[in-house]
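The sequence and structure come first, then the terms and the findings.

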Amino acid sequence: MNVKFAPSLLCMDLLRVEKQLQVMNRRADYLHVDLMDLRFVPNMGLSPTFVQAIRPLAQKPIDCHVMGWDLDWWIAALADAGADAITIHLEAAGERAPDLLADIRTRSCSPGLALSPETSADQAAPLLPLVDKVTVMTVKPGFPGAPFLWDMLPKIARLAQLREQLGLSFELEMDGSCADDNFQPLRQAGIDVFVLGAAALFGRTPSLERSFDQMEKHFLV
């Protein structure tokens, strides 16, 4: 699979949303929207209202990552707001994961499954045929800029192995502290989609266009 980039809109300049979205519409593959509820993770992210606000401006898929409980509410609210993809955490979905993933697809959204650091690849194995994407958290979820967890690389490699063994085609995404020193190891482990935050993209230069240039120069070698 080709490498894809998903800028985290939580890290963008929220005073320049329209201008930055114009750049991302040309240079990104997905628009990654983090949503948190102060309970599943002790932090707050963006909201379904934000998704609705950027929907008319977005020319790339709006990919929503829900770090929250009450998944029936989140799925309905995000689908109504115009999300193209909704990723839920296995830890929050529990035994209801198959039904929740089916609900996402029924609402014409692409279903994804996220795994927190403590959740193994094999715990997700029965659900892999139901999803279009698996997101491996490479930081403790809920804290942009948290230290990168190098011990997630074997989990990623195991998911890539399961994908091949089961003859599936879901994308493998990493989320958390992508940077110059870990991009290639992540790529070698099997990652297809890279969520880009402050270290990889938004903190490089004041110009998002130049930041994309610098990021691609470091990563696409």
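## Basis and terms

A residue is called buried at under 20% relative accessible area, exposed at over 50%, and partly exposed in between, using a 1.4 Å probe and protein chains only. The model is predicted, with local features requiring pLDDT of at least 70 and side-chain atom pairs counted only at pLDDT 80 or more, while totals for chains, interfaces and linings use all residues. Numbering starts from 1 along each chain as its sequence is written, and side-chain values use heavy atoms, with hydrogens and water left out.

Helices (H or I, at least four residues) and strands (E, at least two) are DSSP runs, numbered from the N terminus. Contact, or touching, means heavy atoms within 4.5 Å.

## Nonpolar core

A nonpolar core is taken as a set of buried Ala, Val, Leu, Ile, Met, Phe, Trp, Tyr and Cys residues joined through side-chain atoms within 4.5 Å. The largest such core has 74 residues, and Leu 9, Met 24 and Phe 194 have the most contacts inside it. Helix H3 (residues 71–81) gives the most to this core, contributing six residues.

Leaving aside residues up to four places away in sequence, Leu 9 touches Leu 14, Leu 21, Met 24, Leu 31, His 32, Val 33, Leu 46, Phe 50 and Ile 54.

## Helix H7

Helix H7 (residues 153–166) has 14 residues. From first C-alpha to last, H7 reaches 20 Å, close to the 20 Å expected at 1.5 Å a residue; the expected span is 1.5 Å times one less than the number of residues. Just after H7, Gly 167 takes a positive phi of about 65°.

The buried residues of H7 are Leu 153, Lys 155, Ile 156, Leu 159, Ala 160, Leu 162 and Arg 163. Their cover includes strands S5 (110–115), S6 (133–137) and S7 (171–175), along with helices H6 (121–124) and H8 (183–189).

## Aromatic rings

Rings of Phe, Tyr and Trp (its six-membered ring) pair if their centres lie within 6.5 Å; planes under 30 degrees apart count as stacked, over 60 as edge-to-face and the rest as tilted. By this rule there are eight aromatic pairs. The pair of Trp 73 and Trp 74 is edge-to-face, because the ring centres are 5.0 Å apart and the planes are at 80°. Trp 73 is exposed at 52% relative accessibility, whereas Trp 74 is buried at 8%.

Phe 183 and Phe 219 form a stacked pair, with ring centres 4.2 Å apart and planes at 5°. This pair links distant parts of the chain, as Phe 183 is in helix H8 and Phe 219 in helix H10 (residues 208–219), 36 residues apart. Both Phe 183 and Phe 219 are buried. Ring pairs join Phe 5, Phe 183, Phe 194 and Phe 219 into a cluster.

## Charges over rings

A charge sits over a ring if NZ of Lys or CZ of Arg is within 6 Å of the ring centre and within 35 degrees of the ring normal. Arg 163 lies over the face of Phe 170, 5.6 Å from the ring centre. Arg 204 lies over the face of Phe 219, at 5.8 Å from the ring centre.

## Salt bridges

A salt bridge is a side-chain nitrogen of Lys or Arg within 4 Å of a carboxyl oxygen of Asp or Glu. The structure holds 17 of them. Glu 171 is bridged to Lys 4, with the closest N and O atoms 2.7 Å apart. The two lie in distant parts of the chain, Glu 171 in strand S7 and Lys 4 in strand S1 (residues 4–7), 167 residues apart. Glu 171 is buried at 11% relative accessible area, and Lys 4 is partly exposed at 25%.

Arg 39 and Asp 70 meet in a salt bridge of 2.5 Å, N to O. Arg 39 lies in the loop between strand S2 (31–36) and H2, and Asp 70 in the loop between S3 and H3, so the pair ties together parts 31 residues apart in sequence. Arg 204 also forms a bridge with Asp 180, at 2.3 Å from N to O. Here Arg 204 is in the loop between helix H9 (198–202) and H10, and Asp 180 is in the loop between S7 and H8, 24 residues apart. Asp 180 is partly exposed at 40% relative accessibility. A network of salt bridges links Arg 26, Arg 27, Glu 209, Asp 213 and Glu 216.

## Two loop residues

Gly 176 is in the loop between S7 and H8 and is buried at 7% relative accessibility. Not counting residues up to four places away in sequence, Gly 176 touches Thr 138, Val 139 and Phe 148.

Gln 59 is in the loop between helix H2 (48–54) and strand S3 (62–67) and is exposed, with a relative accessible area of 63%.
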